[in-house]
Structure formats: structure tokens, C-alpha cells
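Thanks for making time this morning. I would like to walk you through one model, going from its helix packing to its cores and then to a couple of individual residues.

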Amino acid sequence: LLLDLLVEAGGQWVYETDIKRGIFPQMQITVDRVLKESGQNESLFPDLLVYFKAATDEYRRRSDAIEQRAQESLKGREKLHVAKKRAIDEIQNRIRNIKLPVHTERFLTQAWTDRLVFILLRHKGDEVGEEWSQSLQTVDDLVWLFGPNAAGTDPREIEDVGTSIREEIESALDTLGGYHQRYLN
């Protein structure tokens, strides 16, 4: 049993490029004890089996944890990719065929896309709620404000919409940790 366990562990957790890493040191201790004590200690093999099984259990636990983290990381990257695609699509659908000022379009496709991604990543599934709706309304308001439909609108209404947009943007960008604050100046 001990020999089988040594062979199995050596195949999984011995790194030839760095022999001191992995389970090799425990294997060396086990083999050295067999060579030194095999004729003198009747409980040597059961004791070594317990010792080495504990070492392999620890490496198996570590390997499982690493694999789980890798899978969670992969799922996280996939979720981020899906959220980015959805946010980009939402904004592109709203600004398509509308000539916006370069800075407004850049703001929407960079900072506000990040805002939408942030919202999507914080919520499960399609239940994004009021925060999502309000953020999309801000996109619509910006498109209206800088698009052709605002022409001929009462200047006070334009000012009110602009103030509302600025407040929403300032509040929303604060949730992103100040990364996009340059857009507020």
C-alpha cells in the first residue's frame, strides 16, 4: 500500500524542475526511514502509511483548492465578458446613427460602459433593477441632449436635464472608485 501511494503521489506532485517543491521531501523521509528502520520497527510500515497518507491528503486538498480557484476565475472572466458585451450592445443600440460629440461618445463607450458592467456583475441574472434602468436612462438623456432632438427645446429644460445627468454621473462614477473622475472636469 505504501509503495503504491508513493508511486501515485510521485506521479502527481513531484516537480522535476524543482525537486524540493511538492511531495518529494516527504517521499524522501519515508524512503530513508524504510532503509534505516525496516528490520528494527514492526510498526514502521503502518506508521509511514499514516504519515504519507496525511501528506498526500494535504497535497490533494491544495490541488483541489487551486483547481477550484482556477475554475472560479474562468467563470468570473466569462461573466465579465458577457457583462461587457451586454453593456456595449446597450450603448451601441442607443447611439447608433446619432452624431454625438467625440467626448460624449467616448464617455459612453468607456466610463459608462464600465458603469453598466459594474451593475451587471453585482446582480444575478437579468434582475438588474432600478440602478440599471437609471443608468440606461442617463444614456438616453445624453443622447437626447447632444443629439438632434434637443434642438428648439426650452433652454431651461435643457439645463434641468443637464443638471440631472451631471448629478447621476457624479454619483455613479463615485461607485467606480474615482477611476473615471477625469470625465467630470
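Let me begin with how elements are named: helices are DSSP runs of H or I with at least four residues, strands are DSSP runs of E with at least two, and both are numbered from the N terminus. With that in hand, T138 is found in helix α5, which covers residues 129-146.

Before going further, please keep in mind that this is a predicted model, in which local features need pLDDT of at least 70 and side-chain atom pairs count only at pLDDT 80 or more, while totals for chains, interfaces and linings use all residues. Residues are numbered from 1 along each chain as its sequence is written, and side-chain values use heavy atoms, with hydrogens and water left out.

Coming back to T138, this residue is buried, with a relative accessible area of 1%, where buried means under 20%, exposed means over 50% and partly exposed lies in between, using a 1.4 Å probe and protein chains only. Leaving aside neighbours within four places in sequence, T138 is in contact with W112, I165, E168 and I169, contact meaning heavy atoms within 4.5 Å.

Now to the helix pair. Helix α4 (residues 102-122) and helix α6 (residues 155-175) pack at an angle of about 60 degrees, and their axes are 10 Å apart. Those axes are lines fitted to C-alpha atoms, for helices over the stretch in contact, and the angles run from 0 to 180 degrees between N-to-C directions. On the α4 side F107, A111, W112, R115 and F118 meet E168, I169, A172, L173 and T175 of α6.

Next, the cores, a nonpolar core being a set of buried Ala, Val, Leu, Ile, Met, Phe, Trp, Tyr and Cys residues joined through side-chain atoms within 4.5 Å. The largest has 26 residues, and those with the most contacts inside it include F107, W112, W132 and I169. Helices α3 (44-95), α4, α5 and α6 each supply at least two residues of this core, with the largest share, 8 residues, coming from α4. Apart from this core lies another, of 12 residues, among them W13, M27, L48 and F52.

As for W132, once its neighbours within four places in sequence are left aside, this residue is in contact with R86, E90, L116, I119 and L120.
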